[in-house]
Amino acid sequence: MTLIQTGTTVSLPIDGQLRTFELGEPGSWHRPEHPITSRIAYAAAHVVPRPLADNTPGAPADLDWDATLAYRRELWSYGLGVADAMDTAQRGMGMDWAATRELIRRSGREAAAAHGRLACGAGTDQLALDDVSSGAAGLRTIADAYREQVEVVREAGAQVILMASRALARAAQSPSDYLTVYDAVLSDVDQPVILHWLGEMFDPALRGYWGSAETETATQVFLELIGANAAKIDGVKVSLLDADHEVALRRALPAGVRLYTGDDFNYPELIVGDEHGHSDALLGIFAAIYPAASAALQELDAGDADNARAILESTRALGRHIFTAPTYYYKTGIAFLSWLNGRQPGFGMVGGLAGGRSVPHLSELFVLADRAGLLTDPALAAHRMRMFLELNGVRP
């Protein structure tokens, strides 16, 4: 006889055995009454596929626009900015340029209506990598691809994030090739942009970006680019998961250039900062923990750094789990948590990426999200978790 579970009790596979788990109460999160001012903070938002679409690897992205845009409105309602069309939105992992262009345009309209802060990624993924050559002609092609996407972002009314380019990583033969392309693109922008340095743990194709696999050597090239173009750069987003490197880089930046942390492991101490400064934020983990992130930023606005740090610390275990290796599958955890919380109709992802994490991994995510107070409707979350487990052959 099969035991039918109800309420907020779930039998979870923990340490190779089924164990009864009782959910706790969600956190007492609340939306800010005033704009957040102590930090500039973006949540890098994921996308929701249309349930009846062909969400298989290689198929064109087909989004559930209502659910995708509602998630962005939810983030804005908590006082966060939205970073869209980034790696969290599956750029390079299922989102083609045609769908990305439409996402940027639609998010731009939503941001204008919501008076929300919006920044969007401009890259070169309209290029087929096999068609990109090295040398001057190839570099011009890459710069032109960047310019095309920058124009789409600017027309949408969003701030530009210059994303790392797989095409450039393949074509560049020296650090100077990176400088040539970025100098050309930056010379044409009319508003300061955010530069994004995405580490190979997020995208193995970007190994050796800035012309070297050695972080310190690459950093010197990065700083040379920033120093020569400081007036065109609002800030830099660094996603290397190395807190010491980020702090050193932050202190080396020219005056007026922000550092937006992309460190989904060490964000509590980097955002709160110390007597020497702090990082702003542009984080994929904020798409998962946005009620808590907003609460922490509200505490910073109120001058209570200790409480802000404690709130962010309460989410760290969840963040480290979602972004565990292979890190580029972190989007799967964000989408799973979105589904548990009723923010999307099904646990599906563009390009079949919902299969990127195991049942034990997502079961532990469920526990950690509960402990962080981020399952907003425990009964719904428990019901959906039980459905997921049964679908995958796990029964009490």
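Start by selecting Arg395 and Glu390: their side chains meet in a salt bridge, with N to O at 3.9 Å. A salt bridge here is a side-chain nitrogen of Lys or Arg within 4 Å of a carboxyl oxygen of Asp or Glu. Arg395 counts as exposed at 51% relative accessibility, and Glu390 as partly exposed at 46%. The terms follow relative accessible area: buried is under 20%, exposed over 50%, and partly exposed in between (1.4 Å probe, protein chains only).

The model is predicted: local features need pLDDT of at least 70 and side-chain atom pairs count only at pLDDT 80 or more, while totals for chains, interfaces and linings use all residues. Residues are numbered from 1 along each chain as its sequence is written, and side-chain values use heavy atoms, with hydrogens and water left out.

**Further salt bridges**

The count of salt bridges comes to 19. Select Arg147 and Asp144 next, which form one with N to O at 2.7 Å. Both belong to helix H3 (residues 135-155), where a spacing of 3 residues separates them by about one helical turn. Helices (H or I, at least four residues) and strands (E, at least two) are DSSP runs, numbered from the N terminus. Arg147 is partly exposed at 30% relative accessibility, as is Asp144 at 45%.

Move to Asp203 and Arg166, whose closest N and O atoms are 2.7 Å apart in a salt bridge. Asp203 sits in the loop between strand E7 (193-198) and helix H6 (215-228), and Arg166 in helix H4 (residues 166-171), so the pair ties together parts 37 residues apart in sequence. Asp203 is buried, at 10% relative accessibility; Arg166 is partly exposed, with 29% relative accessible area.

Then select Glu269, Arg309, Glu313 and Arg316 together to see a network of salt bridges.

**The barrel**

Display the strands E3-E4-E5-E6-E7-E8-E9-E10: these 8 form a closed barrel with parallel pairing. Neighbouring strands of this sheet are turned by 25 degrees against each other on average, direction ignored. Two strands pair if DSSP finds at least two bridges between them. Zoom in on strand E3 (residues 41-44) and strand E4 (residues 81-84), which run parallel and are joined by 3 bridges. Here Ala44 stands opposite Ala83 in E4.

**Helices across the strands**

Angles run from 0 to 180 degrees between N-to-C directions, with axes fitted to C-alpha atoms, for helices over the stretch in contact; contact means heavy atoms within 4.5 Å.

Finish with helix H7 (residues 243-252), lying across E7, strand E8 (233-239) and strand E9 (258-261), at about 165 degrees to E9.
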